[in-house]
Every structure is written in structure tokens, then in C-alpha cells.
Amino acid sequence: MFDGMTAETLARMQFAFTVSFHIIFPAFSIGLASYLAVLNGLWLRTRDKTYLTLFNYWKKIFAVAFGMGVVSGIVMSYQFGTNWSVFSDKAGPVLGPLMAYEVLSAFFLEAGFLGIMLFGRERVGDKLHMFATAMVAFGTLMSATWILSVNSWMQTPAGYSINDLGQFVPEDWWQIVFNPSFPYRLVHMVLAAYLTTALVVGGVGGLHLLRNREDAPARRMFSMAMWMLIVVAPLQILAGDFHGINTLEHQPAKVMAMEGHYDSHPDGAPLILFGIPNPDEKRIDYAVQIPQVSSLILKHEWGAPLDGLDTIPDEDEPPVAIVFWSFRVMVGLGFAMLGLGAWAAWRRYRGRLYDTPMLHRAAMVMGPMGFVAVLAGWITTEVGRQPFTVYGLLRTSDSLAPVAAPAVAASLLAFIVVYFFVFGAGTFYLLRMMNKPAGTVHLGLKDGPIRTAGITPIMQTDPDAIPGE
Amino acid sequence: MFELSFIWAGIIAFAVLTYVILDGFDLGVGILFPLAEGEREKAMMMNSVAPIWDGNETWLVLGGGGLFAVFPLAYAVIMPALYMPIILMLLALIFRGVAFEYRWRTERWKPVWDIAFFGGSIVAAFMQGIALGALVQGIEVADRAYAGGWWDWLSLFSVLTGFAVVVGYALLGATWIIMKTEGNLQRQMQNHAWWLGAGTLGFIGIVSIMTPFQDPVYFHRWFNLPGSIFSVLMPGALLAAAWALFTGLKAGKDNQPFLAAISIFVLCFIGIGISFYPNIVPPSLTIVEAAAPDKSLRFALVGTVVLVPMILAYTAYAYWVFRGKIDPAEGYH
């Protein structure tokens with residue numbers, strides 16, 4: 001199946017495959033953890049049962065998604081070593097401590113309080129339960145912070161020196177953690193996670209409104225999701241613009257690939273809406289373009305000169321076609337999210353939010369689109385960083401572990417089979433849970449009190465009350 | 001000045017030991033899963049570890065992430081050397097991890113996820129044992145990279161350590177269930193713990209006798225002062241732990257067998273530490289050589305000193321919240 005491929009290509013495929021699968025779960029659980037904290041907070045404050053119903057509904061979905069995120073994440077923490085050991089040896093002194101901080105300040109926090117959040121309300125009381133819920137949400141955000149700092153350092157390295165072993169050595173931790181692209185990437189990704197969750201919640205709300213527009217929890221979640229969209233989607237477009245300008249400053253080749261600018265434009269660059277990249281001829285075929293707009297977006301100035309890929313040595317050029325397309329998918333979906341939010345806002349203004357079936361259908365179609373946009377965005381930024389792992393300093397081809405192609409091919413095949421089987425089944429269970437209305441008492445087969453379920457407090461108060469063996 | 005790298009070696013060792021004990025008992029529960037009689041006992045077994053397993057596995061991430069952070073060279077050498085066992089362990093952990101949630105979400109496929117829970121647990125344990133054995137055998141390093149073949153990890157010795165870890169984890173799992181349950185399940189596990197305990201001690205004996213012959217250095221360390229002191233002390237301490245285990249089982253004690261099983265693991269871990277020191281990757285890579293620059297070690301240490309005690313505190317709190325025996329009636333309704 002993978003005959004004739006080099007170990008490097010296979011290792012890159014393996015990393016792309018495992019990390020793409022992995023990012024789906026955090027993209028959802030970062031937003032959902034915050035949403036659960038909000039729902040629980042609103043329930044405690046208002047004592048409106050609808051919030052509690054929604055909390056209990058989404059927390060079960062969260063449990064499944066989080067479990068998939070944990071196991072796919074463990075793979076990531078070892079893959080740097082198995083396939084990219086030279087990268088690990090060289091970048092470890094800088095990136096390793098950041099990842100260690102992620103484990104210490106985020107993973108343990110999430111895992112430690114998750115059990116209490118899911119099943120501990122009766123055992124610890126409302127206040128501590130709220131605290132645990134907030135800690136899980138905080139943990140997901142901490143995790144995002146550290147890992148985005150790591151990724152951003154690979155894009156825009158700072159605060160380092162290189163020792164005689166060829167290792168990156170930390171010089172200034174402040175500069176390393178807050179490297180130039182980090183704040184932009186962090187904001188962009190956290191907003192993306194919130195949008196992704198809002199779209200899923202909105203899609204599920206839309207589904208249940210189509211079946212029963214009087215369904216109170218469905219109304220509530222749909223309304224909350226649409227509020228979230230109309231507030232966050234514009235912010236995200238703004239954040240994306242800032243992020244793009246930052247990328248232009250630090251990784252111009254990536255922006256050239258995103259824009260499809262093979263040639264320099266000294267008198268202002270056009271915005272290429274669509275076209276087919278032709279890497280052999282180094283041009284965009286059938287380009288549909290608006291003059292000057294690219295300069296306007298990237299430089300905020302009419303007629304501003306923009307360099308093209310002709311200024312970049314061929315061996316330093318990222319693969320243009322992938323970056324060009326994934327960027328357009330992401331941006332297109334971003335505006336579709338804004339459109340959905342605006343439509344919903346208008347229907348809300350007219351008092352018809354809950355009885356516009358077309359809107360509910362549109363929300364369902366958009367339900368999974370946050371995931372697509374997140375993946376497209378990550379493909380843009382990661383493929384756009386090529387051919388380097390540490391931008392401009394360490395080439396991907398010089399980062400590889402001394403592994404043989406058959407070993408990587410075999411493990412890649414195993415990952416593909418296992419991931420599609422395991423996460424396919426998980427996605428099926430998630431969809432089946434979402435297909436049931438929020439009021440359903442038993443979401444799964446028997447509403448398994450999976451975690452703490454078995455360990456009840458009754459035991460301590462009255463051991464005799466326990467049914468015997 | 002005391003070497004920062006040794007402090008870090010201690011911290012990593014602590015993380016790995018914590019992982020082995022914590023995930024050891026929940027993997028052990030998975031290994032014993034097929035011995036449950038009926039759905040009710042299966043639910044009890046799974047529920048006894050369900051609230052805590054992902055916290056337990058986070059110590060594995062800390063082991064990997066910590067090694068990457070402070071001993072990047074060791075990480076870069078060990079991972080390719082143990083490529084296959086590590087990948088298989090990760091895949092196995094995926095299966096057993098998702099089984100916790102999945103088995104409650106389907107009726108038709110429940111048996112599939114039960115097998116995934118058992119199979120994933122036993123394969124993960126076996127691969128960890130193989131990785132340990134391969135590490136003790138030694139890893140060939142040249143020019144800051146792994147220099148061996150990709151089957152080097154497989155040997156009679158590593159397969160033996162693989163079985164040893166499976167049996168040892170099963171002992172931890174059995175004694176954990178004894179602590180957390182009552183009735184038939186507890187009685188069954190008390191019976192199983194007898195032969196699992198005997199098996200664990202047997203494997204420890206064989207592995208201990210074989211280890212000094214894996215590398216002359218080990219022989220030297222164990223049969224010359226100061227190592228030979230441990231050669232005398234260790235068997236004595238192990239016998240005391242074994243005595244606590246078996247008397248606890250005989251007296252039907254709830255907690256004593258589990259604590260005794262843990263102490264057996266701690267003693268073995270100390271023994272491995274004595275064999276390794278001052279290397280981090282036998283036979284040639286030392287702790288000092290593999291360490292990241294002091295700036296990295298210091299930066300990571302600041303947070304670790306603050307965060308690890310906090311982690312231990314809230315982890316203990318989570319265990320305390322879910323303390324006590326499992327109520328079988330509550331487990332599935």
C-alpha cells in the first residue's frame with residue numbers, strides 16, 4: 001500500500017493523520033467545557049431546570065468526546081520521539097518544558113476534576129461541583145495555551161540560541177513562550193473552538209426544533225448557539241485578519257502560498273478568489289481576481305507592493321496548492337458561519353427564531369463545519385510552514401528519526417485501521433446521543449453511570465443499606 | 001552544586017513509579033475483566049476504576065512529556081529503539097480507554113468493547129513489560145541516535161519481563177478489587193490474588209537472577225559494595241511484603257493486600273533504579289549526558305515544584321470523593 005515511499009513521507013503522513021484526528025476532539029471539548037461551565041453557572045444562579053437538563057445532556061456527550069481526546073493525545077506525546085527523534089533531541093530543550101507545563105497545569109487538572117464534574121454533584125455539593133466544572137474548563141484553556149505556544153514557537157522561533165550539538169537552547173523564556181505569532185494563534189484557535197462548539201450545539205438544537213419546535217431545551221441551546229455565532233464569528237474574522245498580517249511579517253512565503261501569489265506585485269496585489277494552482281508553470285490558472293484587494297487586506301493600503309514566491313528559493317517554498325485550497329475552505333466557512341449567525345439574529349429580531357425550519361436546516365448543515373474549518377486552518381498553517389519543522393532553522397527532512405520505512409508504514413497502517421474503527425464507532429455513539437432530545441433520561445443504553453456511578457456515598461453513611469452480593 | 005539533572009532523574013522516576021502503580025491497578029482490572037461472573041460484576045469492576053483511570057494515565061503522558069523536556073536525548077533514543085512496543089502500547093491504550101465510555105452506549109457491541117477493554121489492558125501491560133526488559137538489556141547508541149535494528153527489543157528476557165508485568169499488574173488489580181468490592185467478586189479475587197502473588201514473586205525471582213547477566217555492569221553493581229548491601233536487603237524486604245500480602249489475604253483484610261502489592265512494586269522499582277544508576281539509558285547514556293541544558297531544567301523545575309504537590313493534593317481529593325466500596329445496585333440501571 002505504501003510501496004516506494006520514503007520513511008520521511010510516511011512519517012509525515014502519520015503525523016498529519018494522527019494530529020488531524022486528535023485536533024477534532026480538543027476543538028470540540030475546549031468549547032464544550034466552557035459551555036458546560038456556563039450552563040452549570042446559569043442553573044445555580046437561576047434554578048431554571050432547562051439549564052440543568054442541558055448540562056446533563058452535554059456532559060455525557062463531553063465524556064465520550066473527552067475520552068477520545070485523551071487516548072488520541074497520548075499517541076501525540078510519544079510520536080515526537082518515535083518518528084521525529086532528531087527534532088526531539090534538537091528542539092526538546094526549548095519545547096519540552098512547555099509541553100511538561102501543559103501536562104502539569106492542564107492535563108492533570110482536567111483529569112483530576114472530570115470525575116467530580118461528571119458524577120460528583122451529589123457527593124461534593126453544588127459549590128465544589130461548580131468549582132470542578134470550572135477547573136475542567138480552565139484546564140482545557142491552559143492546555144490550548146501551552147500547546148499553541150509550542151506550535152507558534154515552531155512557526156516563529158524566538159528567545160533561543162544554538163549550541164555546538166546543534167540543539168536549540170533557551171535564552172529567554174518570556175520570548176519563547178510569547179513568541180511573535182503566539183497571541184494571534186491562541187486567540188484564533190480558542191475562538192475557533194468556541195465557534196465549533198456553537199455550531200455543533202446549534203445543529204443539534206436545530207435538529208430537535210425541526211422535530212418539535214416547542215422543545216424547551218432545544219430552544220434554549222439553539223438560541224445560545226446563535227448568540228454565540230453572531231458575537232464570535234465577526235471577532236474571529238477580525239482575529240484571522242490580524243493573524244494573517246502577523247504571518248506576512250514573519251512567514252511571508254506562507255502568505256504567498258495562501259494568496260496564490262507566484263509573482264511579485266510591486267504596484268498592489270490582486271485578491272485571487274478562485275483558481276487552480278499550477279506548480280509546474282508557477283501560476284494560478286483560471287484565476288478569478290479582484291485587483292488591489294490583497295494589498296488592501298494585508299497592508300491595509302491601496303497599491304501597496306507585495307512580494308511573490310518568485311522571491312523565495314524553490315527549496316524553501318511550501319506546497320502551494322494545498323495551502324491555497326485549505327485557506328479558501330477555512331475563510332469560506334468562516335463567512336458562512338457569520339451568515340448563519342446574521343440570519344438567526346434577523347429571525348430573532350422578527351420573533352421567528354424557533355419557527356424558521358430553513359434556518360434550523362441550515363444550522364444542521366453547518367453543525368460539523370467548525371471541524372472542517374479547524375482542520376483547513378491547521379492544514380494552512382502547518383503545510384505553509386514546510387519545508388521546515390522549526391521555521392527557517394530546521395528542515396523537516398533533517399528532523400526524522402532513524403526509522404525504517406517498513407516500520408513507519410506498518411504503524412501508519414495500524415493507526416489508520418484503529419482510528420477509523422475506534423473513532424468511527426465513537427462518532428456513531430456521539431451522533432446517536434445527539435439524535436435524542438435533551439430531556440432523554442437514558443442517553444446511552446442504560447445511561448451508564450460510568451465513572452463514579454458505581455461508587456455511591458450511601459456506602460459510607462449506611463453500609464447495611466447496600467444490596468448484598 | 002548538586003546536579004539539576006539528578007533532581008530531574010528523581011522526578012521522572014517518581015512520575016514513572018506513580019504511573020506504574022496507578023495505571024498498574026486499573027490495567028490489572030482490565031486484565032482480570034473476563035473473570036467477572038455476569039454483567040453485574042463486570043460493571044462493578046469497571047466502575048471501580050472509571051472515575052480515576054484518565055488521571056492515572058496522565059502520569060504516562062508526564063513520563064513521556066517529562067522525558068522530552070528534561071532528557072530529550074534519552075527520549076530521542078528510547079522511542080525509536082522501542083518503536084514497535086511503544087506503538088502497540090499506544091494502540092492498546094486507545095482500545096481500553098474508549099471502552100469505558102463505549103460499552104455503556106451500545107447493547108449489540110457491548111461484547112466487542114468488553115474484549116477491547118481486556119485486550120487493550122493486557123497488550124498495554126505486556127508491551128510496557130517488554131519495553132522495560134529491552135531497556136534493561138541496553139540500547140545501542142551512536143552519534144546521539146539509536147543505532148540498533150528495529151527488532152532488537154525482542155528477546156527471551158524482554159518477553160519474560162512482559163509476562164512479569166502482566167502478572168504483576170493483575171495482582172495490583174485483584175487486590176484493588178478486593179479493597180473496593182464485597183461478596184462473590186471480592187472472594188473470587190482473594191482466590192486469584194494467591195496465585196497472582198505467587199506468580200509475581202516467581203517472575204521477580206527469575207528476572208532478578210537473569211538481570212546481572214544482561215550486562216556485566218549490573219553484576220558488578222549488585223555484587224560489590226555498596227550495591228551488595230541492597231542484594232541482601234532487597235530479598236528481605238520483598239519477603240516482608242510477600243508476608244503482608246498473603247497474611248492479609250488469609251485474614252480477609254480489605255486494604256492490606258493492595259498496600260502490600262504496591263510495596264512489592266516500589267521495591268522492584270528501587271531495584272531497577274540501582275541497576276540503572278548513573279545511566280538513564282543502559283548501557284552507555286548517562287543521566288548527565290542526556291539532560292537538557294540547565295536553563296531548561298531550571299525553568300521546568302520551578303513549575304514542577306509548585307504544581308506536582310497541587311496535583312497530588314487534588315488527585316488524592318478525587319480518590320477520597322470516590323472512596324469506599326462500590327454499590328453494585330448503583331452501577332447500572
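In this predicted model, the axes of helix 1 (residues 7–46) of chain A and helix 13 of chain A come within 9 Å and cross at roughly 20°. Axes here are lines fitted to C-alpha atoms, for helices over the stretch in contact, and angles run from 0 to 180 degrees between N-to-C directions. Helix 1 of chain A is therefore roughly parallel to helix 13 of chain A; angles under 35 degrees count as roughly parallel, over 145 as roughly antiparallel, 65 to 115 as roughly perpendicular and the rest as oblique. The crossing of helix 1 of chain A with helix 13 of chain A is left-handed, a term used if the near helix is turned anticlockwise from the far one by less than a right angle, with right-handed used if clockwise. Helices (H or I, at least four residues) and strands (E, at least two) are DSSP runs, numbered from the N terminus.

Helix 1 of chain A contributes residues including Leu10(A), Phe17(A) and Phe21(A) to this contact, and helix 13 of chain A contributes residues including Val408(A), Phe415(A) and Tyr419(A). Two residues are in contact if their C-beta atoms, placed from the backbone, lie within 7 Å. The contact of helix 1 with helix 13 of chain A has 14 nonpolar, three polar and no charged residues. Ala, Val, Leu, Ile, Met, Phe, Trp, Tyr, Cys and Pro count as nonpolar, Asp, Glu, Lys and Arg as charged, and the others, Gly among them, as polar.

Residues are numbered from 1 along each chain as its sequence is written, and chains are lettered from A and ligands numbered from 1 in the order in which they are written. As the model is predicted, local features need pLDDT of at least 70 and side-chain atom pairs count only at pLDDT 80 or more, while totals for chains, interfaces and linings use all residues.

The next topic is the contact between chains. It takes 72 residues from chain A and 77 residues from chain B. On the side of chain A that touches chain B, helix 3 of chain A supplies the largest share, 22 residues. That side of chain A divides into 46 nonpolar, 21 polar and five charged residues.

The largest nonpolar core has 267 residues, and Ala74(B) and Val77(B) have the most contacts inside it. Helix 3 of chain A gives the most to this core, with 22 residues. Such a core is a set of buried Ala, Val, Leu, Ile, Met, Phe, Trp, Tyr and Cys residues joined through C-beta atoms within 7 Å. A residue is buried if 20 or more other C-beta atoms lie within 10 Å of its own, exposed if 12 or fewer, and partly exposed in between. Leaving aside neighbours within four places in sequence, Ala74(B) is in contact with Leu67(B), Ile280(B), Val281(B), Leu285(B) and Ala290(B).

Which backbone values stand out? Most residues other than glycine have a negative phi, and most peptide bonds are trans. Lys282(A), in the loop between strand 3 (271–278) and strand 4 (283–290) of chain A, has a positive phi near 55°. Lys282(A) is partly exposed because it has 15 other C-beta atoms within 10 Å. The peptide bond from Gln386(A) to Pro387(A) is cis, with omega near 0°. Another cis peptide bond joins Pro282(B) and Pro283(B), with omega about 5°.
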